[in-house]
Amino acid sequence: MKVILNDDVKYVGEMGDVKNVADGYFRNYLFPRALAVPYNKETVAYFEGKKAEIEARKEKKRADSKSLKEKLEGLNIELTVPAAANGKLFGAVTNLTLANYFTANGYEIERKRIEVPGISIKTIGNYTFKVHLYEGALAEVKLSIKGQEDESKKAEPKKEAAQKEEVQKEPAKEESADEPKAE
C-alpha cells in the first residue's frame, strides 16, 4: 500500500516520504498512531503545502549531523580494558561498548550506527571506527585501547607475604602457651 509518512518512522522513512508498506502494517500500526496517511490527491496536496517545513526540518538534521561529525572526528577515545600480558583482551570491545561510552559522555548515538572493524576488537592497540550519521554521512573516530593489569595477580604477592608473616607469628604464640599461667 502506498502511504505518505506523517512523522519520522524508524526503519521506514522520514516525514513527507512516500513509501510502499504492507496493508496490515499500515492498518494496525501506522494509521492508528497517526504516523502515516494513505496516498491520495488530498494528502498529496496537504504535504505539498508543508514541503517548506519538511525541507527546513531536514536541513536542520543535516546541520546537526555535520556539527556532530566534526565533534566525533575531533575525539580520541581511550578505553582501559582488562587484558592479558600478551595484549589479548578478556572479552571484546564492540559497538555496544562504544554506544555505552557515548551515552555516558552525553552523545545520543545508536549502537547500530557504530561500525567497528571486524565486528569486535580483541587486542590492545589503536583503531579507527565509523559512525553512520544522517543521509549517509560518516564520521571516523579514533580509538585507543589500553590493557589493565589483572587485580588477582597484584593481590597474590600480598597474600603470600601475609601468609609468611602468619607462619612466623604462630610459633611465637605456641611458646607462650607452654608457659604456666599466673593466677
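1. Helix α3 (residues 51–74) is the main contributor to the lining of the largest pocket, giving five residues. Helices (H or I, at least four residues) and strands (E, at least two) are DSSP runs, numbered from the N terminus. A pocket is found on a 1 Å grid over the protein atoms alone, as an open set of points where a 1.4 Å probe fits, with protein on both sides within 12 Å along at least five of seven lines; lining residues have an atom within 4 Å of a point.

2. This is a predicted model, in which local features need pLDDT of at least 70 and side-chain atom pairs count only at pLDDT 80 or more, while totals for chains, interfaces and linings use all residues. Residues are numbered from 1 along each chain as its sequence is written, and side-chain values use heavy atoms, with hydrogens and water left out.

3. The largest pocket holds about 650 Å³ of space, a volume being the space filled by probe spheres set on grid points that are joined across faces, edges and corners. Its lining has 20 residues, and K61, E110, R113, L133 and Y134 lie nearest the centre. By class there are 10 charged, seven nonpolar and three polar residues. Here Ala, Val, Leu, Ile, Met, Phe, Trp, Tyr, Cys and Pro count as nonpolar, Asp, Glu, Lys and Arg as charged, and the others, Gly among them, as polar.

4. The second largest pocket holds about 180 Å³. Of its 13 lining residues, G16, F47, E48, K51 and I54 lie nearest the centre. α2 (41–49) and α3 each supply at least two residues, and α3 has the largest share, with four. The classes here are seven nonpolar, five charged and one polar.

5. Five helices and nine strands make up the secondary structure.

6. Leaving aside neighbours within four places in sequence, F102 is in contact (heavy atoms within 4.5 Å) with L72, L75, I77, Y107, I109, I114, F129 and V131.
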